[in-house]
Amino acid sequence: MSINPGSQGGPYYDNRGFQPEYINAYRHPGNVNYYVNHVAPPYSSAVPASLPRVSDHHFVPSAEPVDSKSVCTPKTRKIVCIVVSIVVILAAIIVAAVLIWYFVTNSNLMICSSSGSSIKASQWCDGIPQCPNGEDENQCMRLYGPNFTLQAYSSENTDWLPVCQDNWNDAYGKQTCSAIGYNTNTYYTSQGVSASAASDFMLLNTSSVNADLYRKLYNSKTCASRSVVTLRCIDCGTSSQSASSRIVGGSQATLGQWPWQVSLHYNGKHLCGGSIITPNWILTAAHCVEGNNGIAYFWIVYPGMLNTASMIPSRGYAVDKIISNKNYDSETKDHDIALMKLRIPISFNSNVKPVCLPNFGMPWEAPKQCWISGWGATYEEGKSSPTLMTVSVPLISSSRCNTKSVYNGAITASMICAGYLQGGIDSCQGDSGGPLVTDLNSLWWLVGDTSWGIGCANVNKPGVYGNVTYFLSWIYEQMQANR
């Protein structure tokens, strides 16, 4: 956690993931724009697509200029010129029609998150797996928005529709949470809220003998209760301190302030941070576990502690499995996210709780105020802090962060920027993988995981974080497949 009000110019230092001081020093690149340039695509759909790789520059040589007078002045060539002009115009119309058809056709596609391949929206959740990993049939229900509205996908409407509260109960709630990827032991609550402007619903057919809950749902124009289901699969996002006591400007955190924050120790030393999302799962950055660091045996997770001196193996949790996003790029830090599954679940208390994963339809926007925390260095190239530090940072839009003076196109859809362009406050080495959180509706939500930056607290070089909303489908897919 870097608090550096005296930031000035000088040689750039590529933080390369905020690694702690005992990691081999990274060589400073000769070009300050180290990361490969990408054109940031728009915010991803509910089923995110893999980021397409494109060349840095597309250059099409222009044709040699034609002197129209030399061609069309002779009377004998006027007819030829007219015919050629008509042909060119017709060709342009045909090309435009083809492009329109292509974009209209491809706008009604869903993306398989495991492969990046596309299928028709009408094939999603139609009972026949088309995606390589079958996620088109495993991700048919989701939680939407800050109120946790339950939605089910309608292949008939090719849209996500709210689930009507009629005939709903906690048993169905637990079954749904299990289908999403949660353990039924963490089930919290299910309630009905006003359907407001909804005109189409998914209605539960209680007489259906189908064991699959999703197959019991059908399209309906009516919902007798005029209420839709809201579902909480885990009690998350609560802190023992109110939002008004959050520290802006950087200071030591207090016990219970960030109960989801964990320290990840590799071979007995703090290497990265992480966030508790369920009793069994920790979310962190992929660059923390790349290469030899991907061996689960050498990792210990420490929740509910402020000082690294109190972190001894008997108080930690062993890691059973590490799952890194397969699209992670070590050079650009694209798709910088990983999950750790613990051997035994964490026991929750007032100082140890999960943070809420953002629901679908929650793309965070600048200048939303967020908070970061970690045991990272308090100044560039300094030593890790022995005590958990915290600081407030606002989100920065991707368009602003991608400007030439900041990160020059390096920010992709899987990333989100936060910090101050004037410098002075930032994440730093050792904060990697830790949480970027914000509060909404009296709950704390995981916006990002600490990923990378150039230096610490430098002017026009804010922190870059993995965009957790972008990765939702991938996270639930892993939780489903690795129960």
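Select Arg 232 and Phe 148: Arg 232 lies over the face of Phe 148, at 4.7 Å from the ring centre. A charge sits over a ring if NZ of Lys or CZ of Arg is within 6 Å of the ring centre and within 35 degrees of the ring normal. The model is predicted, so local features need pLDDT of at least 70, side-chain atom pairs count only at pLDDT 80 or more, and totals for chains, interfaces and linings use all residues. Residues are numbered from 1 along each chain as its sequence is written, and side-chain values use heavy atoms, with hydrogens and water left out.

Go next to Tyr 407, where Lys 461 lies over the ring face at 5.6 Å from the ring centre.

Now select Trp 258, Trp 260, Trp 371 and Trp 444, which form one aromatic cluster. Across the whole structure, a search finds 12 aromatic pairs (ring centres of Phe, Tyr or the six-membered ring of Trp within 6.5 Å; planes under 30 degrees apart are stacked, over 60 edge-to-face, the rest tilted).

Proceed to Asp 329, in the loop between strand S16 (317–324) and strand S17 (338–342). Asp 329 is buried, because its relative accessible area is 14% (buried is under 20%, exposed over 50%, partly exposed in between; 1.4 Å probe, protein chains only). Display the side chain of Asp 329: one of its polar atoms lies 3.3 Å from the backbone nitrogen of Thr 332.

Finally, select Leu 90 in helix H2 (residues 78–106); helices are DSSP runs (H or I) of at least four residues, strands (E) of at least two, numbered from the N terminus. Leu 90 counts as partly exposed, because its relative accessibility is 47%.

Notes: Polar contact = N/O pair within 3.5 Å; in protein donor to acceptor, adjacent residues only side chain to side chain.
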